[in-house]
Amino acid sequence: SVKSPKKKQAKVSWKKVEGAEGYVIQYAANSKFKKAKTTTVKGGDTTQRIIKKLKSKGKYYFRVRAYRTIDGKKIYTSYSSKKPVRVK
């Protein structure tokens with residue numbers, strides 16, 4: 001889920017994935033994720049992150065995927081469905 005608790009911020013929450021070493025959050029100002037930004041969350045137990053420095057009153061789309069490392073190579077799940085939020 002995605003909420004906007006404060007101005008220029010979005011709080012992204014997701015369910016824990018068994019065996020995950022971390023998560024990748026991708027967000028963009030359009031639904032096709034053109035010019036998307038990506039942030040990596042290390043630690044499989046983490047289930048939320050606050051994204052800052054967003055444009056106030058802007059609409060953003062977020063999606064999350066999990067990863068784990070096997071033989072030194074990162075293996076990713078598919079992305080979650082996109083979630084829109086209007087930033088305060």
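## Around Gln-26

Gln-26 touches Phe-33, Ala-36, Lys-37, Thr-38, Tyr-61, Phe-62, Arg-63 and Tyr-79, leaving aside residues up to four places away in sequence. Contact here means heavy atoms within 4.5 Å. With Arg-63 there is also a polar contact, side chain to side chain, at 2.7 Å. Such a contact is a pair of N or O atoms within 3.5 Å; within protein, one must be able to donate a hydrogen and the other to accept it, and residues adjacent in sequence count only if both atoms are side-chain atoms.

Gln-26 sits in strand β3, residues 22–28. Its relative accessible area is 13%, so Gln-26 is buried (under 20% relative accessible area, with a 1.4 Å probe and protein chains only).

## How the model is described

This is a predicted model: local features need pLDDT of at least 70, side-chain atom pairs count only at pLDDT 80 or more, and totals for chains, interfaces and linings use all residues. Residues are numbered from 1 along each chain as its sequence is written, and side-chain values use heavy atoms, without hydrogens and water.

## The whole protein

The protein has 8 strands and 0 helices. These are DSSP runs numbered from the N terminus: strands (E) of at least two residues, helices (H or I) of at least four.

Of its 88 residues, 32% count as buried. Among contacts with a separation of 6 or more, 59% join residues 24 or more positions apart. The C-alpha atoms fill a box of roughly 45 × 25 × 20 Å along the principal axes.

Conventions:
Buried means under 20% relative accessible area, exposed over 50%, partly exposed in between (1.4 Å probe, protein chains only).
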